[in-house]
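Please examine the structure shown below.

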Amino acid sequence: MTIWVDADACPRVIKEILFRAAERTAVQVTLVANRLLYTPPSRYISALQVADGFDVADSEIVRRLQAGDLVITADIPLAAEVIAKGGHALDPRGAMHSAETIQARLTMRDFMDTLRASGVDTGGPSALSQRDRQLFAKHLDHYLTTLIKQQNEKE
């Protein structure tokens, strides 16, 4: 199992939570971005640099994704592709996407894009709050705990 990180826009504090989780649980974390990224020295943490271009990192994540993998992304279309391929998607703000919720999130994203295209200033996302960080860490911990429990039951 791998945790893939859509790392171009992933906040540093979220990466740090992921780095600690990788060391604690021995789960592979791979950052995917179109620029070189810092990763701490670890056998569980790596970075994959892809070419510049629209959605190149997203396409690489989807290409490499295996069913059951977790993808950290704020990109709703990428989250939809991950879910369709049998993966799991967690937003850096702590929202766990699912087959039940992703269509509504895609619809809202498209609606907001339409508003922006028509000249409406919708503002940007708020700064990542302490609550967002805690919610992210909670969902990540739940996912990893479930994964480790399943691995132990197989042994």
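**Reading a predicted model**

Q: Where is Ala67 found?
A: The model is a predicted one. Ala67 belongs to the loop that runs between helix H2 (56-64) and strand S4 (70-72).

Q: Is Ala67 buried or exposed?
A: A residue counts as exposed when its relative accessible area is over 50%. Ala67 has a relative accessible area of 62%, and is therefore exposed.

Q: Which residues does Ala67 touch, not counting residues up to four places away in sequence?
A: With those neighbours set aside, Ala67 touches Lys85 and Gly86. Val13, by contrast, is 54 residues from Ala67 in sequence and 27 Å from it in space, C-alpha to C-alpha.

Q: In what order do the six strands form the sheet?
A: The open sheet has the order S3-S2-S1-S4-S5-S6, with mixed pairing. Strand S3 (45-49) and strand S6 (96-97) stand at the edges with a single partner strand each, so one side of each has no neighbour in the sheet.

Q: How many bridges join strand S1 to strand S2?
A: S1 (residues 2-6) and S2 (residues 28-33) run parallel and are joined by five bridges. Within this pair, Asp6 has Val32 of S2 as its bridge partner.

Q: Which strands does helix H1 lie across?
A: Helix H1 (residues 12-25) lies across S1, S2, S3 and S4, at about 150° to S2. H2 also lies across S1, S2, S3 and S4, and runs at about 165° to S1.

Q: What lines the largest pocket?
A: The lining comprises 31 residues, with Ala74, Asp75, Ile76, Asp91 and Pro125 nearest the centre. By class, 14 are nonpolar, six polar and 11 charged.

Conventions. Residues numbered from 1 in each chain as written. Predicted model: local features only at pLDDT ≥ 70, side-chain atom pairs only at ≥ 80, totals over all residues. Heavy atoms only, no water. Helix = DSSP H or I, 4+ residues; strand = E, 2+ residues; numbered from the N terminus. Buried < 20%, exposed > 50% of the residue type's maximum accessible area, 1.4 Å probe, protein only. Contact = heavy atoms within 4.5 Å. 1 Å grid on protein atoms, 1.4 Å probe; cavity = no way out; pocket = protein on both sides within 12 Å on 5 of 7 lines; lining within 4 Å. Nonpolar A, V, L, I, M, F, W, Y, C, P; charged D, E, K, R; others polar. Pairing = 2+ DSSP bridges. Axes fitted to C-alpha atoms, helices over the stretch in contact; angles between N-to-C directions.
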